[in-house]
Amino acid sequence: MTDEPLWRAPTGTFEMSPMGAFAQAASARAGRPLPDFAALQAWSISDRAGFWSLLWDRCGVIGHKGETVLAHDAMPGAVFFPDARLNFAENLLRSTGPGDALVMRAEDVVDRRLSHDALHALVSRLQQALIAAGVGPGDRVAAMLPNMPEAVAAMLAVASIGAVWSSCSPDFGVRGVLDRFGQIEPTVFLATDGYVYAGKRIDVTDKVVEIATALSTATTVVIVPLTGDLARTVDSVPRAVALATWIEPFPARPVAFTRLPFDHPLYILFSSGTTGVPKCIVHSAGGTLLQHLKEHALHVGAGPGDRLFYFTTLGWMMWNWLVSGLAVGATVMLYDGSPFHPGPSVLWDYAQAERFTLFGTSAKYIDTLRKDGYRPIDRHDLSSVRLITSTGSPLAPEGFRYAFDAIARDIPLASISGGTDIVSCFVLGVPGHPVRIGEIQGAGLGMAVEVWDEDGQPIGPGGGKGELVCTRAFPSMPIGFLNDP
C-alpha cells in the first residue's frame, strides 16, 4: 500500500467547508485555535458537552435544548440533553415551498417527485389517519414498503406524534418479516401491493395476507400501491384499506408536532438474526437527529440545494440516514429496484439527469461495476457530484483504483463505516483530507474511535488488525432492546 494519495483536495478545502466554519465557531468555544480536523476532532472528544451543544446551535435544531448537555457519562447509561424537548419530524420538515423534497425512480417504470409543500400535505393527512387508528406516542408502526415517497411521509407522520417506526423491504420472506415485526406488535402495518425488480413486476399479495394474519395487533393494514393489483390486495388482506381511501377523510392542514424528551424512541432497527431471532434495537429521536445532522451538515457538507442519493432499501439503516438529509434542506433522491436493470448505466443516468451532489452506494456495487468493465466516466456527466461514498463492507484496494479511474478522477471517495447499532457512522469522510487506497479518512466528530487488540489494548496506526471500538458515550447509542428489562 502506497502513501501516495489517489486524490488530494485543493488547498483551503477544509477551511472553506461547513466543517471549517464549524471549527471556527468551536475555536471560540474552546478558547484556542482549532485549525484543522485533527484539532477539531480532539476537542470534540475532550469537551463532548461543548461539542454537541454547539452542534445543536449551529444546525438550528428546532426545540428546547435545556441547560444540561451531558448529565450522566457512562456506557451504557449516558444521558444527553435531559431537559430537551423536540420532535424529529418537525426538524426534517423545516423546508417549505414548491422545490423538490423527494424524487423517486423505480427502474424504468416509475418516475415521481414530491415538493416540500406536497410532502407536508401528505404527512398531515397520514398523521390524522394514524391518530384516528389509535396510534399515540410510543406505539409502533411497521412498514414493508419499496423505497418510495409514501414511505418517507409515513415515517414522518409516525414520528410527528411520537410513535415508533420500523421498516423492511418487500423482498423479505414471510418468516423474516414476522421474526422482526412480530416482536414489536405494531398498531398499524403498511404494506405494498407489489414492487419492481430486474424488469419484473412482483406481486406480494399472498405474502401480505400471511403477514397481516399473523400480526394480530395491527388493527389497520394500509396497502400502498406501486405496480401490483391494488384491488386484489385490498380484497385479500384482512383489515386492509387502500392508502387513498384511508386518508380520504382528512384534508391537509398544518402538521401538529408533539415535542418529547431527547431520548424518546424513534426507530426500531434489527440485528442480522445470525444468532437467533433478530434483536429489536431501539434508537432515540434526539440522538438520531443530532448524529445525522453532524454527518450530513459537516462530514458530507450538505445543505439547501444539494441532492442526496444512497442506493438502499427500507431494510438497511442507510435509508434512515438518507432521509435525514431533509433536515439540512437537501432533496432526497430515492431509487427502488435493481441497480443493473435495464443495464449498468441506470443509477448513473439518474445521477446525471437529476444532478446528484452525493452518490452513495455499497462496496459490492462498485466491485460489480469493476468486474463488468463499466466506466461511468466515459458515458456520463457527473460534474454535479461532489462526493461519492461507499459502505456495507470494506472497499478493496482495486475498488479504490477503479473508482478513480472509471467513475471520476476529481471527486473524493469516502469509505464509511458504522452500523445498525448506532444508526449512523463511526468513521467516514473528512473534507479536505486526501484519499488513500484502503483507508478511511477519519473518525466522526464526537466519536472516540480506537482499534483494540484481543487484550483490549489500543493498536496504533499500522499496528495490525483489531476491533473497532468507541470508548466514550455519544448521543446515538441505542436506548436499548425492546422489551428487555
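## How helix 2 meets helix 4

Helix 2 passes helix 4 in a right-handed crossing, meaning that the near helix is turned clockwise from the far one by less than a right angle. In this predicted model, local features need pLDDT of at least 70 and side-chain atom pairs count only at pLDDT 80 or more, while totals for chains, interfaces and linings use all residues. Residues are numbered from 1 along each chain as its sequence is written, and side-chain values use heavy atoms, with hydrogens and water left out.

## Who touches whom

From helix 2, the contact (heavy atoms within 4.5 Å) uses Ala21, Phe22, Ala25, Ala26 and Arg29, and from helix 4 it uses Gly50, Phe51, Ser53, Leu54, Leu55, Asp57 and Arg58. Sorted by type, these residues are seven nonpolar, two polar and three charged, with Gly counted as polar.

## The two sides of helix 15

Now to helix 15, residues 363-372, where Ala363, Tyr365, Ile366 and Leu369 are buried (under 20% relative accessible area, 1.4 Å probe, protein chains only). These residues cover an arc of only 165° around the axis, which puts them on the same side of helix 15. Among the elements covering them are helix 14 (346-354), strand 19 (358-362), strand 20 (387-391) and helix 16 (397-407).

On the other side, Lys364, Lys371 and Asp372 are exposed (over 50%). Just after the helix, glycine 373 takes a positive phi of about 75°.

Technical notes
Helix = DSSP H or I, 4+ residues; strand = E, 2+ residues; numbered from the N terminus. Arc of directions from axis to C-beta.
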